[in-house]
Amino acid sequence: MDDKELLQSWRALRFFNYYRFILATFLLILGTSKNPLQPLGSTNPKLFLIVSYSYLIFAFISIATLYWQSPKISIQIQLQSLYDIIALTLIIHASGGLASGLGILLVVAVAGDALLMEGRLAYLLAATATLAILLEQ
C-alpha cells in the first residue's frame, strides 16, 4: 500500500470512528433518558447500559489511537470490527433481539468495516457477524 492509499485509509477509518462515537452517544442518551425510547434495553436494561457505556469508551479510545496511528491500521480495523460485532450483538440482545429492529446497526458496522479491510478478511468479518446474530437468536 503506497502512502496516498494509506492516508486515505486512515482518513476513512477516522470518519467511521466518528460515526461509531455518535452512534454510541445516541444509544446511551436514548437508553438513559427519563422515558427510554422503546425497544432500547427493554429486555435487559442493565446489560444495555453496561454495553452502551463500554461502546462509548471504546469509540473514544479508537479515535485517540487514530491520532497516534498506533497500532498499525490493519490491526485497528480488525479489533474495532470485532468489538462492533460483540457490542452491537449484545445491544440487540438487551433490546429484545432482532425484532427490535436494531439489526441494521450491525449491517452498517460490518459494511463499513468490510470496506476498510483487505481481501478475505471482509468475508471473515461477515461470517463472524452472521454467527453472532444466529447465536443471539
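Biologist: Which residues touch the most other members in the largest nonpolar core?
Modeller: L27, I85, L88, I91 and L106 do. That core has 30 residues. Keep in mind that this is a predicted model.

Biologist: Which elements give two or more residues to this core?
Modeller: α1, α2 (45-68), α3 (73-94), α4 and α5.

Biologist: And which gives the most?
Modeller: α3, with eight residues.

Biologist: What's the general background on nonpolar side chains?
Modeller: In soluble globular proteins, they tend to be buried together.

Biologist: OK, charges next. How many salt bridges does a search of the whole structure find?
Modeller: Two. In one, the side chains of R20 and D84 meet, at 2.6 Å from N to O.

Biologist: Where do R20 and D84 lie?
Modeller: R20 is in helix α1 and D84 is in helix α3, so the pair ties together parts that are 64 residues apart in sequence.

Biologist: Are R20 and D84 buried or exposed?
Modeller: Both R20 and D84 are buried.

Biologist: What about R20 and D113?
Modeller: They form a salt bridge too, with the closest N and O atoms 3.6 Å apart. This pair also links distant parts of the chain. R20 is in helix α1, D113 is in helix α4, and they are 93 residues apart. Both R20 and D113 are buried.

Biologist: Now the outside. Which residues form the nonpolar patch on the surface?
Modeller: I22, F26, I29, L30 and L37. Together they have about 470 Å² of accessible area.

Biologist: Pick L30. Where does it lie?
Modeller: L30 is in helix α1, which covers residues 3-32. L30 counts as partly exposed because its relative accessibility is 34%.

Biologist: And which residues form the negative surface patch?
Modeller: D2, D3, E5 and E118.

Biologist: Where is E118 found?
Modeller: In the loop between α4 (103-116) and α5 (121-136).

Biologist: Why does E118 count as exposed?
Modeller: Because its relative accessible area is 53%, and exposed means over 50%.

Biologist: Change of topic. Which peptide bond is cis?
Modeller: The one from S70 to P71, with omega near 0°. P71 is in the loop between α2 and α3.

Biologist: What about the phi of Q69?
Modeller: It is near 55°. That is a positive value in a residue other than glycine. Q69 lies in the loop between α2 and α3.

Biologist: How accessible is Q69?
Modeller: Its relative accessibility is 44%, so Q69 counts as partly exposed.

Biologist: Last one. Where is Q8?
Modeller: Q8 is in helix α1. Q8 is partly exposed, with a relative accessible area of 46%.

Biologist: How far apart are Q8 and L56?
Modeller: In sequence, 48 residues. In space, Q8 and L56 are 25 Å apart, C-alpha to C-alpha.

Terms used. Residues numbered from 1 in each chain as written. Predicted model: local features only at pLDDT ≥ 70, side-chain atom pairs only at ≥ 80, totals over all residues. Heavy atoms only, no water. Patch = residues over 30% accessible without salt bridge, like charges linked within 9 Å, V, L, I, M, F, W, Y side chains within 5 Å. Areas by Shrake-Rupley, 256 points an atom, 1.4 Å probe, with all protein chains shown as cover. Salt bridge = Lys/Arg side-chain N within 4 Å of Asp/Glu carboxyl O. Lys, Arg positive; Asp, Glu negative; His and termini not counted. Charge placed at Lys NZ, Arg CZ, Asp CG, Glu CD. Helix = DSSP H or I, 4+ residues; strand = E, 2+ residues; numbered from the N terminus. Buried < 20%, exposed > 50% of the residue type's maximum accessible area, 1.4 Å probe, protein only. Core = buried A, V, L, I, M, F, W, Y, C linked by side-chain atoms within 4.5 Å.
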